[in-house]
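Student: Hello! Could you show me how to read a protein structure, one feature after another?
Tutor: Gladly. Let us look at one together.

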Amino acid sequence: MRICGASAPRDCATDPRRAFGPYRSRPLRQLRSSRYGRIRATHAEDRAGHKTYVPRGTLFFASTTRFHELFDPARDLASVTVDCSHLLLADHSALAALQGLAERYRKAGKQLRMKNLSERNRQLLSRAGIGLA
């Protein structure tokens, strides 16, 4: 039996603070303000009346509010595409954020389409029963 003392080196087997990976030791406020919680998007409009958003970053519980702030269904054109090639869905709240975004556009009477979803994200959406993929 190993005893974690002053002279013993700390590793995942002896230090409970390291047992859950790099996120275990980061405070929530640090996750929200660091590169893990940063989400941004660029957008472009074409002459045919179509708008494309390209969100970048990891979508998880701490970034869902910022994600919703990036989109404005009231001002957007009738047809909107979200290019998810640079978006990583991390947890169930990310799935709920995508579902909520689709619902906001549906209520505004506008068409929202997702494209370039990774296979992992597509599987997460289908397992959750969300029909965006």
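We will go through the features by question and reply.

Student: What should I know before I start?
Tutor: This is a predicted model, in which local features need pLDDT of at least 70 and side-chain atom pairs count only at pLDDT 80 or more, while totals for chains, interfaces and linings use all residues. Residues are numbered from 1 along each chain as its sequence is written, and side-chain values use heavy atoms, with hydrogens and water left out.

Student: How many helices and strands does the secondary structure of the protein chain come to?
Tutor: Helices (H or I, at least four residues) and strands (E, at least two) are DSSP runs, numbered from the N terminus. Here there are four helices and five strands. Read from the N terminus, the order is α-β-β-α-β-β-α-β-α.

Student: What share of the residues counts as buried?
Tutor: Buried means under 20% relative accessible area, exposed over 50%, and partly exposed in between (1.4 Å probe, protein chains only). Of the 133 residues in the protein chain, 32% count as buried.

Student: Which residues touch the most other members of the largest nonpolar core?
Tutor: In soluble globular proteins, nonpolar side chains tend to be buried together. A nonpolar core is a set of buried Ala, Val, Leu, Ile, Met, Phe, Trp, Tyr and Cys residues joined through side-chain atoms within 4.5 Å. The largest one here has 21 residues, and those touching the most other members are Leu 59, Phe 67, Phe 71, Leu 87, Leu 89, Leu 98 and Leu 125. Two or more residues each come from strand 2, strand 3, strand 4 (87–89) and helix 3 (92–107). Helix 3 gives the most, with six residues.

Student: What does Leu 87 touch?
Tutor: Contact means heavy atoms within 4.5 Å. Not counting residues up to four places away in sequence, Leu 87 touches Ile 39, Pro 55, Gly 57, Leu 59, Phe 67 and Asn 121. Look at Asn 121 too: this residue is found in helix 4 and is buried, with a relative accessible area of 1%. Leaving aside neighbours within four places in sequence, Asn 121 is in contact with Leu 87, Leu 88 and Leu 89.

Student: How many of the contacts join residues at least 24 apart?
Tutor: Among contacts between residues at least 6 apart in sequence, 67% join residues at least 24 apart.

Student: How do I read a pair of aromatic rings?
Tutor: Such a pair is described by the distance of the centres and the angle of the planes. Rings of Phe, Tyr and Trp (its six-membered ring) pair if their centres lie within 6.5 Å; planes under 30 degrees apart count as stacked, over 60 as edge-to-face and the rest as tilted. A search of the whole structure finds three aromatic pairs. In one of them, the ring centres of Phe 60 and Phe 61 are 5.2 Å apart and the planes are at 90°, so this pair is edge-to-face. Phe 60 counts as buried at 8% relative accessibility, whereas Phe 61 is partly exposed at 42%. Elsewhere, Tyr 53, Phe 67 and Phe 71 form one aromatic cluster.

Student: How many salt bridges does the structure hold?
Tutor: A salt bridge is a side-chain nitrogen of Lys or Arg within 4 Å of a carboxyl oxygen of Asp or Glu. The structure holds five. Glu 45, Lys 51 and Asp 76 are linked in a network of them. The distance from N to O is 3.8 Å for Glu 45 and Lys 51, and 2.9 Å for Lys 51 and Asp 76. Lys 51 lies in strand 2 (residues 50–59) and Asp 76 in the loop between helix 2 (64–69) and strand 3 (79–83), so the pair ties together parts that are 25 residues apart in sequence. Both Lys 51 and Asp 76 are buried, while Glu 45 is exposed at 54% relative accessibility.

Student: Where do Arg 66 and Glu 69 lie?
Tutor: Both are in helix 2, three residues apart, about one turn of the helix.

Student: What is phi of Asn 116 near?
Tutor: Most residues other than glycine have a negative phi. Phi of Asn 116 is near 60°, a positive value in a residue other than glycine. Asn 116 sits in the loop between strand 5 (111–115) and helix 4 (119–128).
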